[in-house]
Amino acid sequence: MANESHGAENKKSDTIREINQSISTKTTAETKTKEIHAAVPEGNKAYVDNRSANDVYVTCLVSDGRRTGNLLFNYAASISTAWRYSLKLLVHPEFQLQNYFKMNVEVDKRVREWSENWTVVAEKAWGIYDDKFEHLDEEVTRSNFSLYGFYQSWKYFKSYEDDLRRSLVFRDDVIGGAQNEMQRLIPNVTFVDHPMKAKINGGTLVGLHVRRGDILLPEKLEFGYTIPEMSFFRNAVAFFVDRYPHLHVMVCCEDIVWCQSNLRGLAANVYFSHIDDGIVDLAILSMSEHVIMTTGSFGWWGAWLANGTTVYYSDWPRNSSMLSQGFVKEDYFMPHWIPMT
């Protein structure tokens, strides 16, 4: 399925080039922030509208077409920053996640205009944790400011994980779509204990996300993206079979035809989601008991939301590639997740 939500995220190239250019030239976080400030019009960093003069807001700059997985990282970092400094998160109506989750955020289409005059705080790299966010200056946090970057690290919200899980509850229509697809394919699947958790009588359900799509392009592979060999899928499934003999695997992928041609021989009961809706597939992954993920932020969030045992493809990104220059595995992958090839 050619769905944007599977982490294809092929619109982020301009921004990622800018970030990686700063990395390759050893640009510091402070210098990067100054560069962004130079492009922001001068003006009063606070605004007075119909809101309380005591309200202070944070927003995230995400007008570059990024997709679901990246938006979730942006949201997680932004809402955690708001909680840390007792601020409010303000987003534009086009911030798509509010259409999928029961989020309690303030929405105003004027935020882009207002934020032109706000302080901008930038990360130092897309996949390297920047601990300055734990101790931002009061000069920044006493007035409205914007976050710029990708914030792809669990460490940005490590102190607020429980709160974040409570804020990322799928809307009822998304849950219903995921339940319907699983019930259509998987015998004896139930949702008795919790509507957002699937159970199989006498078995265990593992969600498998396969990232393909644009990362197969030569320029993406040159940049540093990698794809697993079949041995990864066999090894990952064998890991779970050793622990849960009656294993059922639900596959979600934008290229489900490839999956059907290559993954039927796995040592488990395998099912293939044909839902042409990436958000429903994300819900399916999150409702699984455990997750296997290849690469990409979409699969990352499917695993995080499932909150079970996660096995991930560890040979990513390619060593010494441009992509790897802005990436630290310990910052990106959760410490209890299991690397495998």
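A salt bridge is taken here as a side-chain nitrogen of Lys or Arg within 4 Å of a carboxyl oxygen of Asp or Glu. The structure is a predicted model, and by this rule it holds 16 salt bridges.

One of them joins lysine 88 to glutamate 106, with 3.7 Å between the closest N and O atoms. Lysine 88 belongs to strand S2 (residues 88–91) and glutamate 106 to strand S3 (residues 106–107), so the contact ties together parts that lie 18 residues apart in sequence. Lysine 88 is partly exposed, at a relative accessible area of 34%. Glutamate 106 is partly exposed as well, at 26%.

A second pair is formed by the side chains of lysine 158 and glutamate 134, at 3.8 Å from N to O. This pair links distant parts of the chain, 24 residues apart: lysine 158 sits in the loop between strand S5 (145–148) and helix H6 (161–167), and glutamate 134 in the loop between strand S4 (119–122) and helix H5 (138–141). Lysine 158 has a relative accessible area of 42% and is partly exposed; glutamate 134, with 34%, is also partly exposed.

Within helix H6, arginine 166 and aspartate 163 are three residues apart, about one turn of the helix. Their side chains meet in a salt bridge of 2.7 Å, N to O. Arginine 166 is exposed, with 58% relative accessibility, whereas aspartate 163 is partly exposed at 31%. Elsewhere, salt bridges with shared partners connect Asp55, Lys88 and Glu106 in one network.

The next topic is a sheet. Six strands form an open sheet with parallel pairing, in the order S10-S9-S8-S11-S12-S13. Strand S10 (269–272) and strand S13 (338–340) are its edges, each pairing on one side only. On average, neighbouring strands of this sheet are turned by 20 degrees against each other, with direction ignored. Strands of a sheet pair through backbone hydrogen bonds, in either a parallel or an antiparallel way. Strand S12 (residues 310–313) pairs with S13 in the parallel sense over three bridges, and valine 311 stands opposite isoleucine 338 of S13.

Two helices that pack on this sheet can be followed from here. Helix H9 (residues 230–243) touches strand S8 (204–210), strand S9 (247–253), strand S11 (290–293), S12 and S13. The direction of H9 makes about 165 degrees with that of S11. Helix H12 (residues 297–306) packs on the sheet through S8, S11 and S12, and its direction makes about 165 degrees with that of S11.

Key
Residues numbered from 1 in each chain as written. Predicted model: local features only at pLDDT ≥ 70, side-chain atom pairs only at ≥ 80, totals over all residues. Heavy atoms only, no water. Pairing = 2+ DSSP bridges. Helix = DSSP H or I, 4+ residues; strand = E, 2+ residues; numbered from the N terminus. Axes fitted to C-alpha atoms, helices over the stretch in contact; angles between N-to-C directions. Contact = heavy atoms within 4.5 Å. Buried < 20%, exposed > 50% of the residue type's maximum accessible area, 1.4 Å probe, protein only.
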